[in-house]
Amino acid sequence: MDPLNPNQAPKYANDEIDLFELFESLWKEKLLIVAITVLITLLGGLFAFLWPPTYQASVHMLPPSLSDVAELSKFDVLKSSQSQSQSQSQSQYQSQSQYQSQSQSQSQAYAQFLQLLKSNQVHKELLRDKELQLTLFEETVSMQKALKELDELAVVNEPKKGPSVAVELTFDAHDPNVAANTANKLVRLAINAFQKQTSEAFISAKSQELRALQSERDSLVNTHAQRISSEVAKLKEALLIAKTLKLQKPGQYIDIQTSNEPRATAVTEELRYLYSQGEEALKAEIQTVSAREKNLSSVAGLADVDQRIALLNNVSFDAGMVMPLTIDLAAEPPEQRIKPKRSLIVALSVVVGGMLAVMIILIRNAVSNRKTVS
């Protein structure tokens with residue numbers, strides 16, 4: 001302030017903002033503000049109404065019931081075929097273990113199904129439908145790009161904490177019917193993939209168990225044959241000695257040991273007893289023992305193995321009876337689109353248009369005032 005002229009205003013007074021003057025300048029340009037706001041709103045509304053709508057269909061899923069996975073208990077038959085004789089306490093323990101196994105089968109089947117639902121294996125199967133692929137992507141794309149985009153369209157929403165219980169599959173598409181049909185088709189494809197894998201696993205496990213049982217059976221038969229062969233060899237050796245000594249019929253047991261000689265071995269004692277029976281008895285015994293080689297009924301444990309093999313051969317597995325989930329609510333064509341949210345876009349356009357109009361006027365006035373001052 002100049003001390004010689006106290007009525008002179010400070011030089012920085014021009015830098016102060018006069019709200020009344022600001023409002024007055026905006027009011028003078030109200031038509032321009034309205035015009036810019038309407039223009040931006042029209043552009044936003046045009047974008048909102050021309051942007052293709054997106055609909056979201058969802059399938060709500062729950063774990064399977066015990067009856068849904070009852071067929072999986074036949075896997076336990078494969079394991080339990082190794083032991084047929086159990087005590088009562090063991091049977092009670094087996095019943096408890098079977099219940100726990102069924103409960104575990106529920107969670108395992110559900111988890112395996114969810115993994116398949118998110119897998120490229122099922123997604124590729126879905127994309128085999130070329131017409132559907134063109135409907136979803138509206139152009140021919142590579143398989144890798146199609147799979148990547150499909151991962152964004154199909155989302156499996158699992159609980160972030162705790163076990164996967166209630167799970168939702170959502171699928172986005174521009175057509176509500178396509179969204180619902182594709183979501184349901186994905187679930188069916190995942191079920192088919194699960195059933196196929198389970199069937200192949202059962203066939204493989206059954207074949208492996210049958211090979212193990214057949215190997216055990218062959219071992220028992222071979223052991224039996226070797227034992228018979230050993231018995232026949234001893235009898236033939238005794239027959240040769242009996243012929244040399246011309247012992248036709250059972251004679252007196254010959255013990256040539258003396259008191260000064262070491263005691264004969266058990267093998268020697270057995271051989272002396274055998275040839276003392278005479279040729280006729282030895283020939284008859286050789287014939288009888290040889291015939292026993294073909295009679296497997298006397299083989300210890302063979303009947304049990306044959307019974308287990310017959311049990312496994314009679315066990316059949318129907319994968320179509322296994323349902324790895326409970327469909328709580330199948331997908332239906334949605335009535336409301338999820339985007340674009342037209343009302344929100346129009347409202348934002350009004351706000352943005354008004355703010356943009358005010359900024360334009362303020363900038364124009366600031367430039368005009370600067371020119372006037374200079």
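The model on the screen is a predicted one. Pro64 sits in the loop that runs between strand S1 (55-62) and helix H3 (74-80). Now display its surroundings: with residues up to four places away in sequence set aside, Pro64 touches Val69, Gln106, Tyr110, Met323, Pro324, Leu325 and Thr326. The C-alpha atoms of Pro64 and Val165 are 9.9 Å apart in space, while the two residues are 101 residues apart in sequence.

## The whole chain

Next, show the entire protein as a cartoon. It has 12 helices and four strands. Of its 374 residues, 30% are buried. Among contacts with a separation of 6 or more, 83% are between residues 24 or more positions apart. Switch to a surface display: the accessible surface comes to about 24,700 Å², and 55% of it belongs to carbon and sulfur atoms.

In soluble globular proteins, nonpolar side chains tend to be buried together. To see this arrangement here, select Met61, Phe113, Leu117, Leu169, Phe171, Leu186 and Val187, the residues with the most contacts inside the largest nonpolar core, which has 50 residues. Helix H8 (residues 176-245) gives the largest share of this core, 13 residues.

Centre the view on Leu186. Which residues is Leu186 in contact with, leaving aside its neighbours within four places in sequence? They are Leu117, Val122, His123, Leu126, Ala154, Leu169 and Phe171. Then move to a second, separate core of 12 residues, which includes Ala238, Ala242, Leu271 and Ile286.

## Aromatic rings

A pair of aromatic rings is described by the distance of the centres and the angle of the planes. The count for this protein comes to four aromatic pairs. Select Phe202 and Phe317, whose rings are stacked, with 4.7 Å from centre to centre and 20° between the planes. Phe202 lies in helix H8 and Phe317 in the loop between helix H11 (302-314) and strand S4 (326-329), so this pair ties together parts that are 115 residues apart in sequence. Both Phe202 and Phe317 are buried.

## A buried lysine

Remain on helix H8 and select Lys206, which lies in this helix. Is Lys206 buried or exposed? Lys206 is buried, yet it has no salt bridge. Glu71 is the nearest side chain of opposite charge, and it is 11 Å away; a salt bridge would require the nitrogen and the carboxyl oxygen to lie within 4 Å. Apart from neighbours within four places in sequence, Lys206 is in contact with Leu78, Leu312, Asn313 and Val315.

## Salt bridges

Side chains of opposite charge can pair when their charged atoms come close. How many salt bridges does the count come to? It comes to nine salt bridges, and the tour visits several of them.

Select Glu29 and Arg364, whose side chains meet in a salt bridge at 2.6 Å, N to O. Glu29 lies in the loop between helix H1 (19-28) and helix H2 (30-50), and Arg364 in helix H12 (residues 342-373), so the pair ties together parts that are 335 residues apart in sequence. Glu29 is partly exposed, with a relative accessible area of 22%. Arg364 also counts as partly exposed, at 40% relative accessibility.

Proceed to Glu158 and Lys118, which form a salt bridge with their closest N and O atoms 2.6 Å apart. Glu158 is in the loop between strand S2 (154-157) and strand S3 (167-173), whereas Lys118 is in helix H4 (residues 88-118); this pair links distant parts of the chain, 40 residues apart. Glu158 is partly exposed at 28% relative accessibility, and Lys118 is partly exposed with a relative accessible area of 35%.

Finally, select Asp306 and Arg217. Their salt bridge has its closest N and O atoms 2.6 Å apart. It links helix H11, which holds Asp306, to helix H8, which holds Arg217, across 89 residues. Asp306 counts as partly exposed at 29% relative accessibility, and Arg217 is partly exposed with a relative accessible area of 21%. For the last stop, select Glu216, Asp304 and Arg308, which salt bridges with shared partners join into one network.

Key. Residues numbered from 1 in each chain as written. Predicted model: local features only at pLDDT ≥ 70, side-chain atom pairs only at ≥ 80, totals over all residues. Heavy atoms only, no water. Helix = DSSP H or I, 4+ residues; strand = E, 2+ residues; numbered from the N terminus. Buried < 20%, exposed > 50% of the residue type's maximum accessible area, 1.4 Å probe, protein only. Contact = heavy atoms within 4.5 Å. Areas by Shrake-Rupley, 256 points an atom, 1.4 Å probe, with all protein chains shown as cover. Core = buried A, V, L, I, M, F, W, Y, C linked by side-chain atoms within 4.5 Å. Phe/Tyr/Trp six-rings, centres within 6.5 Å; stacked < 30°, edge-to-face > 60°. Lys, Arg positive; Asp, Glu negative; His and termini not counted.
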